[in-house]
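We will walk through the strands, then the helices.

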Amino acid sequence: GDGLPDLDRAHAAGGRLCLGTDSNARIAMLEEMRWLEYGQRLRGERRGALRAGDGAVSRALLDAATSGGAEALGVPAGRITPGAWADLVSVDLSAPALAGADEATLLDALVFGADASAIDAVCVGGDWQETRGG
């Protein structure tokens, strides 16, 4: 939807977040994740309104874009488990936006600092397609 909904209260109460795209001229899930957090920052005038159980904002945003989106659509995707669709992305760890990121900071660097140029390829239903940034 449009606007800045009050998501932190619903999320803190155990509500599931789902993130996807609609008829936007530009479809970029990293941007969608980033803007979800930025919108909540603007609405609530604080950072980190949407956190995963481990306290990580980037994890909550990734969960909204993967398992949350799949759950909302009612499809077996959004997680790596037997029986789930093989819908994956390959990240180019040599992308300039990820320079200096390590295992502990990679997800934050990807969500908050990278764009589609950090994505090598996507796999949809087990079929890999090279993207080279978009």
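Start by selecting valine 124 and aspartate 127: in strand E3, aspartate 127 is the bridge partner of valine 124. Strands (E, at least two residues) and helices (H or I, at least four) are DSSP runs numbered from the N terminus.

Before moving on, two notes on the model. This is a predicted model, in which local features need pLDDT of at least 70, side-chain atom pairs count only at pLDDT 80 or more, and totals for chains, interfaces and linings use all residues. Residues are numbered from 1 along each chain as its sequence is written, and side-chain values use heavy atoms, with hydrogens and water left out.

**The strands**

Select residues 119-124 and 127-130 together: these are E2 and E3, antiparallel and joined by four bridges. Two strands count as paired if DSSP finds at least two bridges between them. The hairpin of E2 and E3 has two residues between the strands, and glycine 125 takes a positive phi near 60° there.

Click on valine 89 to find valine 122 of E2 opposite, then on leucine 88, whose bridge partner in E2 is cysteine 123.

Zoom out to see an open sheet of three strands in the order E1-E2-E3, with antiparallel pairing. E1 and E3 each have a single partner strand and stand at the edges, so one side of each is left without a neighbour in the sheet.

**The helices**

Next, select H2 (residues 29-44) and H4 (residues 106-113), whose axes come within 7 Å and cross at roughly 90°. Axes are lines fitted to C-alpha atoms, for helices over the stretch in contact, and angles run from 0 to 180 degrees between N-to-C directions. H2 is therefore roughly perpendicular to H4; angles under 35 degrees count as roughly parallel, over 145 as roughly antiparallel, 65 to 115 as roughly perpendicular and the rest as oblique.

Show side chains for Leu30, Met33, Arg34, Glu37 and Tyr38 in H2, which meet Leu110, Val111, Phe112 and Gly113 in H4. Contact here means heavy atoms within 4.5 Å.

Which residues of H2 and H3 meet? Met29, Met33, Leu36 and Glu37 in H2 meet Val57, Leu61, Leu62, Ala64 and Ala65 in H3.
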